[in-house]
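Please study the sequence and the coordinates before reading the solutions.

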Amino acid sequence: MILVTGAGGALGQLVAGELAGRDDVVLGTRTPRSTAERRVDFDDPSSLDFTGVDTLLLISAGYGEDDVVIARHDAAISAAERAGVRHIVYTSLSGDGDHLAYALAHRWTERRLGRSPLAWTILRNGLYAEFLAGIAAPGPDGTIAAPLGEGRLAAVARADLAAVAARVAVEPERHAGRVYELVGERALGGSELAAAIGGSYEPCSLGATREAITGAGQALPYQVPMLVGTYSVIAGGFLDGSGIEDNALRTLLGREPRPALEVYEAVVAAARTAAEV
Ligand SMILES: NC(=O)c1ccc[n+]([C@@H]2O[C@H](COP(=O)([O-])OP(=O)(O)OC[C@H]3O[C@@H](n4cnc5c(N)ncnc54)[C@H](OP(=O)(O)O)[C@@H]3O)[C@@H](O)[C@H]2O)c1
């Protein structure tokens, strides 16, 4: 049996779609909506019974301080060890992302898996093209004001990462002990994004962005340095794909990856339509 955690999240839903129709898949989520789904909440040990599970697709449960995220992943892996799960497939962060604030919990989890007696596969996911559409969203006049400098991001379509995760989860033995880098094949910067949507790119400073994020009052305290740091790492040229030696995306997909620019354009178009309604 394959159990997918975080099945209600954006990545998890796409993975569930990839695995639809199989009778050996259980969807784990904090909020089950049907009897086919099982309650799995890493913050609640009573929900972590993985009896009968052969392969656990552990979708990282970010969105928290490091100690919170680490405790979640540790709880999930420990429960898998207790239940006799054979293989854990973990969605991590690309190898060029070590300067990102959220890298630490991913690397901790990779190390935890490396010390586990269970078989494992690590999917080092690049940043989503959908996420790029969020941090480089154009204003109403088409201006992208973001502190990306001349930096570019090798963003990857979330659906492609879901397809890879599903493929690996159904044949885990073939991928045991492997660490796969999964990043976009073409890096995108502010100018390319602006050209694609008929807008303009106006680089701004990290300081101004930090003030804007804080002032908007929507980010939790730990999220402010995470977001500002993400811009900084992209601007610093660390996430343009050049630091990745062996990008496994195309091989594991078995087809051409979806262009990140296409995803960006689609997200921006959808946001514009929603704004008009
Ligand atoms: N590569 C990137 O660009 C990028 C961007 C953002 C986040 N991430 C990471 O990748 C993960 C998946 O991305 P996504 O797009 O699916 O994010 P998402 O839509 O925000 O979904 C995250 C999911 O994590 C699960 N989760 C949260 N707390 C949990 C807990 N205590 N126990 C078990 N599951 C928990 C939840 O699943 P249920 O609702 O089913 O319980 C939640 O819906 C994120 O959690 C984050 O760690 C990557």
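The exercises below, each with a worked solution, refer to this predicted model.

**Exercise 1.** Determine what radius of gyration a compact globule of 277 residues would have, and compare the chain with that value.

*Solution.* Step 1: for 277 residues, the expectation for a compact globule is a radius of gyration near 19 Å. Step 2: the chain has 19 Å, and therefore agrees with the expectation. Step 3: the C-alpha trace spans about 55 × 40 × 40 Å along its principal axes. Step 4: the secondary structure of the chain comprises ten helices and eleven strands.

**Exercise 2.** State where the ligand sits, and describe the residues of the shell around it.

*Solution.* Step 1: the largest pocket holds the ligand. Step 2: the ligand is surrounded by 23 residues, and the closest are G8, T29, R30, S60 and Y128. Step 3: by residue class, the shell consists of eleven nonpolar, seven polar and five charged residues.

**Exercise 3.** Identify polar contacts of the ligand, using a cut-off of 3.5 Å between N or O atoms.

*Solution.* Step 1: on the side-chain level, D43 places a polar atom 3.1 Å from a ligand nitrogen atom. Step 2: from the backbone, a polar atom of G126 is 3.1 Å from a nitrogen atom of the ligand. Step 3: a backbone N or O atom of A7 lies 3.4 Å from a ligand oxygen atom. Step 4: on its own, the ligand has 870 Å² of accessible area, of which the protein covers 85%.

Terms used. Residues are numbered from 1 along each chain as its sequence is written. This is a predicted model: local features need pLDDT of at least 70, side-chain atom pairs count only at pLDDT 80 or more; totals for chains, interfaces and linings use all residues. Side-chain values use heavy atoms; hydrogens and water are left out. A residue is near a molecule or strand if one of its heavy atoms lies within 4 Å of it. A polar contact is a pair of N or O atoms within 3.5 Å; within protein, one must be able to donate a hydrogen and the other to accept it, and residues adjacent in sequence count only if both atoms are side-chain atoms. Accessible areas come from the Shrake-Rupley method with a 1.4 Å probe; for residues, only the protein chains shown count as cover. On a 1 Å grid over the protein atoms alone, a cavity is a set of points where a 1.4 Å probe fits but cannot get out, and a pocket is an open set with protein on both sides within 12 Å along at least five of seven lines; lining residues have an atom within 4 Å of a point. A molecule sits in a cavity or pocket if more than half of its atoms lie within 2 Å of its grid points. Ala, Val, Leu, Ile, Met, Phe, Trp, Tyr, Cys and Pro count as nonpolar, Asp, Glu, Lys and Arg as charged, and the others, Gly among them, as polar. Helices (H or I, at least four residues) and strands (E, at least two) are DSSP runs, numbered from the N terminus. The radius of gyration is taken over C-alpha atoms; the globule rule is 2.2 Å times the number of residues to the power 0.38.
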